[in-house]
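Good morning. I would like to present the interface between two chains; please look at the sequence and structure first.

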Amino acid sequence: TAPGYAPSLRSRLPLVAFLLETIFILLFVFFVKIEQPEQIDREYDSKLFISSYAEFQDIHVMIFMGFGFLATFLLRYGFSGSGFNVLLAAMAIQWAVLMNGFLLPQRHHKREIHISMKSMIEAELCAASALVAMGAVHGKTNPVQYKFIFKISHILISSIMLLHVFGALFGVMVSWVLYREGIEPVHEKEKTDRKTGLFAMFGTLFLWMFWPSFNSAMVRDHKWERGLKLTVIYGTYLSLAVSVVMAMSVSMLTSAKGKMNMVHLQSSTLSGGVAIGVAMTAVHTPWIAMTIGFCASLLSALGFCYMKNHMLFAFECHDTCSVLNVHAVPGILGWFALLFLRLASDESTIAVQFAVYHICVLLITACMSLVMGTATGPTTLIHIWRPQQDRKCFDDQAFWEVKGFVHLHHFKYVTTP
Amino acid sequence: TAPGYAPSLRSRLPLVAFLLETIFILLFVFFVKIEQPEQIDREYDSKLFISSYAEFQDIHVMIFMGFGFLATFLLRYGFSGSGFNVLLAAMAIQWAVLMNGFLLPQRHHKREIHISMKSMIEAELCAASALVAMGAVHGKTNPVQYKFIFKISHILISSIMLLHVFGALFGVMVSWVLYREGIEPVHEKEKTDRKTGLFAMFGTLFLWMFWPSFNSAMVRDHKWERGLKLTVIYGTYLSLAVSVVMAMSVSMLTSAKGKMNMVHLQSSTLSGGVAIGVAMTAVHTPWIAMTIGFCASLLSALGFCYMKNHMLFAFECHDTCSVLNVHAVPGILGWFALLFLRLASDESTIAVQFAVYHICVLLITACMSLVMGTATGPTTLIHIWRPQQDRKCFDDQAFWEVKGFVHLHHFKYVTTP
Amino acid sequence: TAPGYAPSLRSRLPLVAFLLETIFILLFVFFVKIEQPEQIDREYDSKLFISSYAEFQDIHVMIFMGFGFLATFLLRYGFSGSGFNVLLAAMAIQWAVLMNGFLLPQRHHKREIHISMKSMIEAELCAASALVAMGAVHGKTNPVQYKFIFKISHILISSIMLLHVFGALFGVMVSWVLYREGIEPVHEKEKTDRKTGLFAMFGTLFLWMFWPSFNSAMVRDHKWERGLKLTVIYGTYLSLAVSVVMAMSVSMLTSAKGKMNMVHLQSSTLSGGVAIGVAMTAVHTPWIAMTIGFCASLLSALGFCYMKNHMLFAFECHDTCSVLNVHAVPGILGWFALLFLRLASDESTIAVQFAVYHICVLLITACMSLVMGTATGPTTLIHIWRPQQDRKCFDDQAFWEVKGFVHLHHFKYVTTP
């Protein structure tokens with residue numbers, strides 16, 4: 001290709017997409033059925049359906065609208081931010097329905113996978129984890145590489161902690177391996193402006209507003225009567241309210257000129273929801289939720305200001321959306337809060353068992369994500385995927401017709417005399 | 001008027017709006033009542049209300065936010081896109097409540113029309129059909145003409161197929177009649193840029209996310225217990241997920257430079273929802289839904305690339321939002337799928353009856369829309385409506401103060417010494 | 001500070017925020033608990049929860065997304081519009097939970113405040129009232145001043161009328177006191193453009209779409225069975241539909257060039273919801289709702305065109321978002337409609353009692369808001385809060401890094417050799 005153009009994905013992306021979709025449809029033919037309503041108590045189902053469809057839609061909006069528009073904060077990468085988000089989440093959901101069905105024994109009956117609201121919510125949470133991982137390599141990989149990372153990063157999400165910590169650490173490791181040697185540490189195109197800031201604010205707000213539903217969807221239904229779902233909703237809500245105040249304050253405090261930074265705000269604002277999501281099963285009073293939100297947002301905002309650049313310059317690890325500070329650090333903080341609250345409240349024997357179990361889960365998650373991340377990196381580097389040039393990082397022009405006529409495709413009709 | 005200015009609608013639009021609103025209110029005085037809750041079983045009503053209000057709101061968001069912002073994709077026509085959409089949909093709903101009440105016997109009791117969640121959902125679906133028709137003449141007609149076309153294009157929407165196919169064909173015919181002879185085939189103002197692409201993405205996503213509610217709202221409530229509503233939701237969801245992947249792939253494949261086009265993506269992404277909406281009553285397994293989404297999106301994206309321009313240059317029919325490819329073609333595809341699935345599953349006699357009936361419905365719909373479209377065109381052309389000049393097509397400046405001071409009206413206070 | 005820079009809030013905002021959050025958390029430790037689900041009938045609770053959580057979320061979206069993006073209409077004040085909105089609403093909610101708990105006897109049991117969906121909805125309505133007041137001083141005060149005004153303007157919202165009329169009159173009085181002598185009446189930065197118009201449209205639509213939920217949330221649950229909630233939803237919906245048509249018509253009619261103004265449209269469109277919200281308990285037929293929407297929108301749009309500037313030039317009261325015309329005037333109109341409808345329908349003795357009571361409420365509200373507004377003004381003026389300079393009104397640059405690199409904080413890493 002001529003030096004002026006990014007390598008075209010015309011021969012890669014459509015082929016991969018056609019192939020994957022054909023495979024998905026074939027697998028769906030043989031294995032996937034819609035859950036038969038005859039199997040369920042109808043009265044119960046009708047009530048549960050209303051609430052679980054509402055829950056599903058809140059999460060649906062968060063994944064497609066929230067993550068999608070949060071990713072538009074880069075000045076020249078808005079189309080890719082929202083477009084690739086839809087593409088990847090749509091594929092991840094189909095993939096997650098299949099994977100969850102094959103790997104979780106309770107999901108398949110007589111070698112059949114049954115689709116239900118529950119399995120669709122689980123699929124969206126898997127997509128969320130993968131989208132967190134994507135945040136770290138945002139703007140530096142092409143959609144074919146994205147898809148590849150996606151397939152690998154799929155994991156059975158059995159807890160919110162796994163979702164955030166695994167997703168974030170995995171993404172950071174991939175980003176570390178993919179570090180481009182020759183590139184300027186601060187890329188000239190990694191910028192924001194007034195309008196993209198508002199688009200990203202818009203995605204942030206959708207995530208922020210529906211986070212209580214996101215956390216409460218992970219609470220199992222049979223616990224409903226003990227009021228845990230309500231407690232989680234109130235706790236997440238208050239934690240996020242404190243979080244947004246602290247994020248703005250710290251952003252102003254750490255700035256030399258005393259000016260807030262929209263990108264900091266958009267990230268740290270959400271950290272309260274991450275932390276409380278991990279700790280939620282042990283949080284029973286509002287003030288604990290608020291304190292967790294307070295600390296998570298403080299840590300996250302400070303991390304954004306100091307650790308992000310330290311990672312970049314000391315470790316050559318460029319983390320575009322700062323997922324380390326938004327998901328990993330608050331996730332681990334929430335995990336410590338959970339441990340501490342459990343140790344304080346339970347009897348000592350159970351508490352110790354719990355502690356040992358949870359410490360193991362965290363360590364295994366961290367190791368797996370680091371190893372898988374490091375292993376995934378090089379395979380995405382191979383030239384067959386046609387990574388974009390350094391100049392074309394954070395730039396839509398590598399993949400999109402960014403401006404022009406609506407009748408673009410056959411403009412030759414007009415221009416030829 | 002001087003050549004520099006678009007003809008002002010100041011003496012037209014307010015007059016028409018005042019008149020119509022007065023007539024509406026008068027008709028509401030004599031005929032429309034709110035459904036009395038005493039008439040309904042309360043326990044049932046309370047449960048049904050929760051679910052039907054949620055359904056109504058999803059559709060409400062699609063009509064006003066989804067269609068409204070999808071129509072902002074033109075660089076200089078954003079205010080008109082979202083503003084006229086609200087204006088027309090708000091009028092269409094009042095009109096539809098009256099029309100549905102007068103024309104459907106089951107809606108009026110003792111010469112009274114009763115407003116209920118159901119009648120409001122139906123009114124929004126009628127507005128949707130009219131907004132589809134508007135897509136074809138988007139940017140080339142003024143709001144008074146819009147209103148006129150709206151009144152005509154109102155139809156009793158008894159099926160999703162009618163909604164999409166009638167709306168699209170009607171719109172295309174009107175656009176064909178309204179073709180401006182002297183205009184350049186590719187208008188210099190028919191352009192997009194980075195920011196309008198994101199605004200339109202935003203509308204697209206709202207349509208995309210809530211489409212399962214849109215389709216399932218057409219499923220009657222007494223069929224609820226047979227699980228059809230759930231099947232429709234899952235099917236629409238999967239069909240749309242496949243659709244978005246295929247739309248991007250085809251958009252990249254058909255581009256010479258291997259670059260995706262946001263406008264193509266935004267349109268073809270939704271075709272899966274249209275097709276499955278028409279076929280939904282016969283689709284019982286996920287893979288059939290996915291296959292329908294696959295084919296609809298393929299056809300729609302190819303149609304966008306090749307047929308849209310062919311229509312323009314061969315038939316002089318300019319279809320701004322390409323409603324032919326987004327609504328008519330997937331609608332007819334879904335109709336064929338429905339026919340085929342019914343023929344395959346039912347007993348032969350019923351199947352043949354069904355086939356004959358449905359073929360008649362399609363033919364009648366097509367003929368009616370073509371005839372009505374052709375007839376509506378010329379009446380909107382008459383000079384009394386003050387159509388904008390060719391230069392002012394796709395341009396907000398004909399109707400809006402596009403930029404300026406908030407205190408604009410009495411700026412003379414300031415500028416006069 | 002040098003003349004070129006706005007006074008930095010670095011030493012003010014973080015300090016105030018830290019302090020307030022610490023106090024809030026301490027108060028929550030001692031007084032606030034989550035409502036125990038054991039106290040409630042479970043079957044009822046589960047059903048009520050679904051509907052009240054949905055109601056809460058609609059209002060949540062209106063407060064954070066609707067008000068937030070409506071406030072982005074100024075060209076150079078988008079970050080502050082949406083950012084400060086989130087900051088203030090998040091603090092207001094914590095404050096309102098405490099205040100409502102301390103001041104309303106039925107909210108605290110044995111010196112404890114119990115958080116429930118109902119108390120959270122009430123807290124959001126208090127935030128709404130404060131945000132209405134903020135509209136009048138939008139762009140002319142810094143966030144520390146905002147916070148201060150917020151604390152004062154908090155009031156126990158026991159009716160929609162109080163919310164709108166108190167909020168608006170309070171805000172206007174504060175704005176009148178804060179009038180900057182030396183400033184040009186039409187500030188050079190008080191402008192809109194194509195893109196900010198769309199962002200604001202977006203916020204407007206969220207408010208517009210969910211307003212039926214906003215009004216119906218104020219209807220007490222035990223009245224449910226009498227169908228009042230449904231009547232309010234239909235009424236608000238129809239009133240808003242008429243309102244949007246009239247707002248556009250009047251905006252075009254009052255413009256010399258026959259062009260609509262997006263800012264007028266965005267404001268007046270909502271007036272129908274305000275007026276019907278106040279009158280709703282007495283409105284039982286659709287046409288009355290539509291007539292109220294018709295009149296409210298007419299008055300509001302005319303007020304926007306003529307009264308807003310009159311207020312500015314005659315009384316030196318600059319009302320940025322024109323809350324007087326959007327909230328106060330339609331609120332009082334709705335109040336008269338309520339009075340008239342009650343007088344017409346009730347028996348004479350009750351009606352007179354009602355009239356006397358309501359006239360007193362209006363007068364007390366008006367007096368309180370005027371007095372409190374006038375008293376609040378000067379205290380916000382004191383130099384300790386560091387008000388921005390005249391030049392920096394309506395300008396994000398006083399508070400935000402509006403454009404630049406994502407790695408902004410430690411850009412020195414790179415620029416130092």
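**The interface of chain A and chain B**

Let me begin with one pair: the side chains of D193(A) and K195(B) form a salt bridge, 4.0 Å from N to O. The term denotes a side-chain nitrogen of Lys or Arg within 4 Å of a carboxyl oxygen of Asp or Glu.

The model is predicted, and local features need pLDDT of at least 70, side-chain atom pairs count only at pLDDT 80 or more, while totals for chains, interfaces and linings use all residues. Residues are numbered from 1 along each chain as its sequence is written, chains are lettered from A and ligands numbered from 1 in the order in which they are written, and side-chain values use heavy atoms, with hydrogens and water left out.

How many residues of chain A are in contact with chain B? There are 74, facing 74 residues of chain B; contact means heavy atoms within 4.5 Å. Chain A and chain B bury about 7000 Å² between them, 74% of it on carbon and sulfur atoms. Buried area is the accessible area (1.4 Å probe) that two parts lose on being put together, summed over both.

Finally, let us turn to the copies. A rotation of 120° with 0.0 Å of shift along its axis superposes chain C on chain B, with an RMSD of 0.0 Å, by least squares on the C-alpha atoms of residues with pLDDT of at least 70 in both. This is the relation of a three-fold axis. The copies use different surfaces, as 8% of the contact residues of chain C recur in chain B.
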